[in-house]
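Please open the model in your viewer and keep the selection panel at hand. The stops below can be followed in order.

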Amino acid sequence: ISFFGEDIAGREAHTLARQGMAHVREGRHIFGDMTVEENLIAAGNALKGRGSEVLNIEIVFEYFPRLLERRKQVAGYLSGGEQQMLAIGRALIGKPRLILLDEPSLGLAPMVVKDIFGIIERINREQNVAMLVVEQNARVALGVAHYAYIMENGRIVINGPTEMLINDPDVQRFYLGA
């Protein structure tokens, strides 16, 4: 297993984070008893030793203005969508080269899902961050992906550029409900 040309098999998670890999786990996993701002500071402090860069919390608020409004609010009282924004913000704070997102739409209202995926797409484009998204909502995932793998029972059944998959009649019928 390689990450930007370097073998990472068996590496510990904190080492991978310091190398520029971030993970947004399924179910958000924020510090519910800390404020939004404290969550972001904690995420940045976890990356000490990675470089001498100053922690830039403001970049999170640029992508998620709702979090700026709730900066001093206890994170456990945020809505599910706001908690997901915070979880992504915690990953973004470390200026990663790769963000792994596990089911970012889980439990969210359709309009919130649309907003979240729009921001994921913007981060990818504007910050030049690679994204690996595991998502059951094929329609929303294919809407932002450049390349996709469709899995069934743990096996890849089809993969390719997103445009090719979206136009594939089997993908349309079995995964997109067309």
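The tour goes from a pair of helices to a residue in one of them, and then to a pair of rings.

This is a predicted model, in which local features need pLDDT of at least 70 and side-chain atom pairs count only at pLDDT 80 or more, while totals for chains, interfaces and linings use all residues. Residues are numbered from 1 along each chain as its sequence is written, and side-chain values use heavy atoms, with hydrogens and water left out.

Select helix H5 (residues 80–92) together with helix H6 (residues 110–127), whose axes come within 10 Å and cross at roughly 15°; helices here are DSSP runs of H or I with at least four residues, numbered from the N terminus, and axes are lines fitted to C-alpha atoms over the stretch in contact, with angles from 0 to 180 degrees between N-to-C directions. H5 and H6 are therefore roughly parallel, a term for angles under 35 degrees.

Next, show the side where Gly81, Gln84, Met85, Ile88 and Leu92 of H5 meet Val112, Ile116, Ile120, Ile123 and Gln127 of H6, contact meaning heavy atoms within 4.5 Å.

Stay in helix H6 and pick Phe117, which is buried at 2% relative accessibility (buried means under 20% relative accessible area, exposed over 50%, with a 1.4 Å probe and protein chains only). Beyond its neighbours within four places in sequence, Phe117 contacts residues including Pro104, Val133 and Val144.

Finally, select Phe3, buried at 7%, and Phe4, exposed at 53%. Their ring centres are 4.9 Å apart with planes at 80°, so the pair is edge-to-face (centres within 6.5 Å, planes over 60 degrees apart).

Definitions and conventions:
Helix = DSSP H or I, 4+ residues; strand = E, 2+ residues; numbered from the N terminus. Parallel < 35°, antiparallel > 145°, perpendicular 65-115°, else oblique. Phe/Tyr/Trp six-rings, centres within 6.5 Å; stacked < 30°, edge-to-face > 60°.
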